[in-house]
Amino acid sequence: MLKKVTFVLEHGDTGTSSSRVLLMNYRDSICRRITQIERGVFLWGVFQARKPVFMDLAVKPPVEFVKTNHLIVDTDVKDKENVVVVDILKKMDKETVEALPKTVELIITMSAGLDHIDLDACEARGIAVKNSGRDAITSHVVQYCLSFIIIGLRDALNQLSLPFPSKGWNLNWNCEGKPLTSSTIAVIGLGHIAKALIEEIRKIAPDARIIYNTRTRDVDFESKHSLHYVSDVKELAAECD
């Protein structure tokens, strides 16, 4: 939207001067929103609707969230929810989805994946399913995974009791093990997080051997990142470092 507004201001006919001022104000507003997101002002999400929306927070949100249903109507809002918010630990199987109030139109999950939600049951009920904070969650999980891969390869956990050199550098202080660049890394599954992890590994270890197993192969991604598919999980575990 920012690109569209900027293009119109620079190349298009905005009509009257008042219309141009409105467009400039709108562009400035978008820029402020973007910088707020980059500074972390928006940590979770914002709901804006043209009609009353009732929410059922089935789990504790990562930031304080004040429900304002009582400001919309004075009656009890039970069984009138439009939106249900869950996380990865809240299993939304077929029975749970079918038991939701008929007014539910949307399930928001604070997770990168959707394995804990029966999507077929949601589709049958006409309930949309969306992720919240998927990119942020993926980024953090990938960093954790990459850290543990390197720590594991270097056998760094066994070095935790050794003091880090405070003066100079003693070559005797070192973590043994294998470097990531000459290791074989195994990945099970090829979802959003797995793909992001592989991309990060390739940035720092382009020559590392990466093998993977998944129910549905992605030949394009496999070719782009030089992956080796292994059909048997036991074989996968035996080959990796």
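Reader: Which strand do five bridges join to strand 2?

Author: In this predicted model, strand 2 runs parallel to its partner. Within that pairing, V85 has I108 as its bridge partner. The partner strand covers residues 106-110 and is strand 3.

Reader: How many of the residues of strand 2 are buried?

Author: Strand 2 spans residues 83-87. In a regular strand the side chains alternate between the two faces of the sheet. Here V83, V85 and D87 point one way and V84 and V86 the other, and all are buried. The count for strand 2 is therefore five of five, where buried means under 20% relative accessible area.

Reader: Is D241 buried or partly exposed?

Author: Buried would require a relative accessible area under 20%. D241 has 48%, so D241 is partly exposed.

Reader: Which parts of the chain does the salt bridge between E239 and R209 tie together?

Author: The closest N and O atoms of E239 and R209 are 3.2 Å apart. The two residues are 30 apart in sequence, and the parts tied together are helix 8 and strand 6.

Reader: How many salt bridges does the count come to?

Author: Side chains of opposite charge can pair when their charged atoms come close. One of the pairs is K195 with D218, at 2.8 Å from N to O. The count comes to six.

Definitions and conventions: Residues are numbered from 1 along each chain as its sequence is written. This is a predicted model: local features need pLDDT of at least 70, side-chain atom pairs count only at pLDDT 80 or more; totals for chains, interfaces and linings use all residues. Side-chain values use heavy atoms; hydrogens and water are left out. Buried means under 20% relative accessible area, exposed over 50%, partly exposed in between (1.4 Å probe, protein chains only). Helices (H or I, at least four residues) and strands (E, at least two) are DSSP runs, numbered from the N terminus. Two strands pair if DSSP finds at least two bridges between them. A salt bridge is a side-chain nitrogen of Lys or Arg within 4 Å of a carboxyl oxygen of Asp or Glu.
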